[in-house]
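Have the viewer open while you read.

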Amino acid sequence: MESTYLNELFDRMRQGDRLALDKLYGHCYHRLCDFACQIVKSPDLAEEVVSDVFLLVWQKRESLTIQTTLRAYLYSMVRNQALLYVRKENIYQPLADEFENTQAEYYNPLEALLFHELDFHIDSLINQLPEPDRLILRLKLSGLKYAEIAQAMELSEKTIEYRLSKSIDFLRKTYQKSK
């Protein structure tokens, strides 16, 4: 159902409907930013990546040929754009900076510290995975389905399932050893 809605918006956008672009942007923006942030490690830079992707989609709207789902296509574009930013600017800020810059109105300092430590630990475990496996896991954590990840990564669904299973086993075993 969501895919039909997105396709309708995309079709309208291809015909120059700016309102359709705004709706598509609003519908996908937060998820794509969360995903981009996993790669670039900066919320501000993630927003820039997503904005650049939508600008590219708008500029090339008439000539775009999408052979996957629109959602998988957008995630693939965001991934590629984010990796370009990382390569160009060699940006990898620690997760600690990201957490410290986030200001919550109400929080318990002990809970914040425990969350920070757990988040940092899990992120460091994920970073021990090889690059394709790390990206597959982050895509899955962003809410994509196996088929969408397979299309975005240009791999088979079975390969995605296998690599994800191996990654989760690795994380589980490594986490248990570190306790």
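This is a predicted model: local features need pLDDT of at least 70, side-chain atom pairs count only at pLDDT 80 or more; totals for chains, interfaces and linings use all residues.

Residues are numbered from 1 along each chain as its sequence is written, and side-chain values use heavy atoms, with hydrogens and water left out.

**The chain overall**

- The chain has nine helices and zero strands; helices (H or I, at least four residues) and strands (E, at least two) are DSSP runs, numbered from the N terminus.
- Read from the N terminus, the order is α-α-α-α-α-α-α-α-α.
- Of the 179 residues in the chain, 40% are buried, where buried means under 20% relative accessible area, exposed over 50%, and partly exposed in between (1.4 Å probe, protein chains only).
- Take the contacts (heavy atoms within 4.5 Å) between residues at least 6 apart in sequence: 63% of them join residues at least 24 apart.

**H2 against H3**

- Helix H2 (residues 18-40) and helix H3 (residues 43-59) have axes that come within 8 Å and cross at roughly 140°. Axes here are lines fitted to C-alpha atoms, for helices over the stretch in contact, and angles run from 0 to 180 degrees between N-to-C directions.
- That angle is why H2 and H3 count as oblique to each other.
- On the H2 side, the contact is made by Arg18, Leu21, Leu24, Tyr25, Cys28, Tyr29, Leu32, Cys33, Ala36, Cys37 and Val40. H3 brings Pro43, Leu45, Ala46, Glu47, Val49, Val50, Ser51, Phe54 and Trp58.
- Sorted by type, the residues of this H2 and H3 contact are 17 nonpolar, one polar and two charged. For the sorting, Ala, Val, Leu, Ile, Met, Phe, Trp, Tyr, Cys and Pro count as nonpolar, Asp, Glu, Lys and Arg as charged, and the others, Gly among them, as polar.
- Between the two helices, the loop holds lysine 41, whose phi is near 65°, a positive value in a residue other than glycine.
- Most residues other than glycine have a negative phi.
- Lysine 41 is also buried, with a relative accessible area of 6%.

**H2 against H7**

- H2 also packs with helix H7 (residues 131-141), at an angle of about 155° and with the axes 10 Å apart.
- H2 is therefore roughly antiparallel to H7.
- Phe35, Gln38 and Ile39 of H2 meet Leu135, Arg138 and Leu139 of H7. These residues divide into four nonpolar, one polar and one charged.
- Buried in H7 are Asp133, Arg134, Leu135, Ile136, Leu137, Arg138 and Leu139.
- Just after H7 comes glycine 143, with a positive phi of about 105°.

- Aspartate 34 sits in helix H2 and counts as exposed, at 52% relative accessibility.
- The C-alpha atom of aspartate 34 is 7.2 Å from that of serine 142, although the two are 108 residues apart along the chain.
- Aspartate 123 belongs to helix H6 (residues 109-126) and is buried, at 11% relative accessible area.
- Between the C-alpha atoms of aspartate 123 and glutamine 38 there are 9.6 Å, with 85 residues separating them along the chain.

**Cysteines**

- How many disulfides are there? The count comes to zero, taking a disulfide as a pair of cysteine sulfur atoms within 2.5 Å.
- Cysteine 33 is in no disulfide, and the nearest cysteine sulfur, in cysteine 37, is 8.4 Å away.
- Cysteine 33 is buried at 9% relative accessible area, and cysteine 37 is buried at 12%.

**H8 against H9**

- Helix H8 (residues 146-153) packs with helix H9 (residues 157-178) at an angle of about 105°, their axes 8 Å apart.
- H8 is therefore roughly perpendicular to H9.
- Tyr146, Ala147, Ile149, Ala150 and Met153 of H8 meet Glu157, Ile160, Glu161 and Leu164 of H9.
- By type, the residues in this contact of H8 with H9 are seven nonpolar, no polar and two charged.

Technical notes
Angles under 35 degrees count as roughly parallel, over 145 as roughly antiparallel, 65 to 115 as roughly perpendicular and the rest as oblique.
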